[in-house]
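Me: Could you take me through some of the labels used for this model, and tell me where each one comes from?
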Amino acid sequence: MKLLIIGGSGFLGGELSRRARAAGHETSATYSTRPPETSEGVSWHSLDVRDPARVTGVMAEVAPSVVVNVSSGDADWAVTAEGGVRVAMAAAERGCRLVHVSSDAVFSGDRVRYDETCLPDPVTPYGAAKAAAEAGVRLLAPHAVVVRTSLIIGGGPALSVHERHVHDLVAGTRDGVLFTDVVRCPVHVADLAAALLELAASGAGGMRHIAGPDALTRHELGVLVARRDGLDASRLPAGRRAGSPLRGALDVRLDSRVTQRRLRTRLRGAREFLAERHA
């Protein structure tokens, strides 16, 4: 494949870039501020997805066969929603295959378990932006793959924001709590990247869920990270989101079984991939 990774300088984008190069794919990637210092074999391009001319310009310069959009601007509508639509439009105009990465934030948690047939019902600005991007992608690029995923873990606190959060809470350098009533299905970044490359190389389209099989509260996940890294898990503050002023879905469990049956990549649960001590 001749691959263009939108958002290649991020956590998931970096893992995807490394795996693409190792697999022998001609790989280009974009960054918003500066490219990573260690990016051997990857052609880097500056990109602000809010700029339509720059999006089409990078696409024309790289001329990819496959575009994988792993970028996210959190709740910034111009980046997360409109940027995703611009990438889809540019990919469709050039006839490129598109893999677009979305989030379990598109769901409210009202039904708890969500498979690929479930329609978005977001309750946060970020979820609404992701849901809008999904709709735009499916309209403009009907043969694209849209991948919803959950909390992305792996690489240790130097790379994973969720793991760094746990370390900071144990050290007392950060305020906050880990919720005991917020449930997600964490996925290892290596598993997710491998699955995305597998989908990129396939002829598959439509909606796919790629998350781990273990449903854990944020506090349970924090305890697993702390124990793996030899930290005192009893120092992790616990609390509940319900009744707090913080908005967001409580229990969202992505059901990835249909997608897993079509993948060679095995999606491990967090209890498995956090059992081994991080080197």
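Reply: Gladly; here are some labels, each set against its definition. This is a predicted model, in which local features need pLDDT of at least 70 and side-chain atom pairs count only at pLDDT 80 or more, while totals for chains, interfaces and linings use all residues. Residues are numbered from 1 along each chain as its sequence is written, and side-chain values use heavy atoms, with hydrogens and water left out.

Me: Why is α2 called oblique to α4?
Reply: Helix α2 (residues 52–62) and helix α4 (residues 82–94) pack at an angle of about 40°, with axes 10 Å apart. Angles under 35 degrees count as roughly parallel, over 145 as roughly antiparallel, 65 to 115 as roughly perpendicular and the rest as oblique. The pair is therefore oblique.

Me: Which residues make that contact, and how do they divide into nonpolar, polar and charged?
Reply: On α2 they are Pro52, Val55, Thr56, Met59 and Ala60, and on α4 Arg86, Val87, Ala90, Ala91, Glu93 and Arg94; contact means heavy atoms within 4.5 Å. They divide into 7 nonpolar, 1 polar and 3 charged. Ala, Val, Leu, Ile, Met, Phe, Trp, Tyr, Cys and Pro count as nonpolar, Asp, Glu, Lys and Arg as charged, and the others, Gly among them, as polar.

Me: What makes α6 roughly perpendicular to α8?
Reply: Helix α6 (residues 161–171) and helix α8 (residues 218–228) pack at about 75°, with their axes 9 Å apart. That angle makes α6 roughly perpendicular to α8. His162, Glu163 and Val166 of α6 meet Arg218, Gly222, Val225, Ala226 and Arg228 of α8.

Me: How do you know whether Ser17 is buried or exposed?
Reply: Buried means under 20% relative accessible area, exposed over 50%, and partly exposed in between (1.4 Å probe, protein chains only). Ser17 has 4% relative accessibility, so this residue counts as buried. Ser17 lies in helix α1 (residues 11–22), and its side chain reaches the backbone oxygen of Gly13 at 2.8 Å. Leaving aside residues up to four places away in sequence, Ser17 touches Ile5, Gly8, Thr27, Ala29, Val42 and Trp44.

Me: What is the phi of Asp74, and why is this residue called exposed?
Reply: Phi of Asp74 is near 55°, a positive value in a residue other than glycine. Most residues other than glycine have a negative phi. Asp74 sits in the loop between β4 (66–69) and α3 (77–80), and its relative accessible area of 54% makes it exposed.

Me: And why is Val112 called partly exposed?
Reply: Its relative accessible area is 27%, so Val112 is partly exposed. Val112 is in the loop between β5 (97–103) and β6 (113–114), with a positive phi of about 70° although not a glycine.

Key: Axes fitted to C-alpha atoms, helices over the stretch in contact; angles between N-to-C directions. Helix = DSSP H or I, 4+ residues; strand = E, 2+ residues; numbered from the N terminus. Polar contact = N/O pair within 3.5 Å; in protein donor to acceptor, adjacent residues only side chain to side chain.
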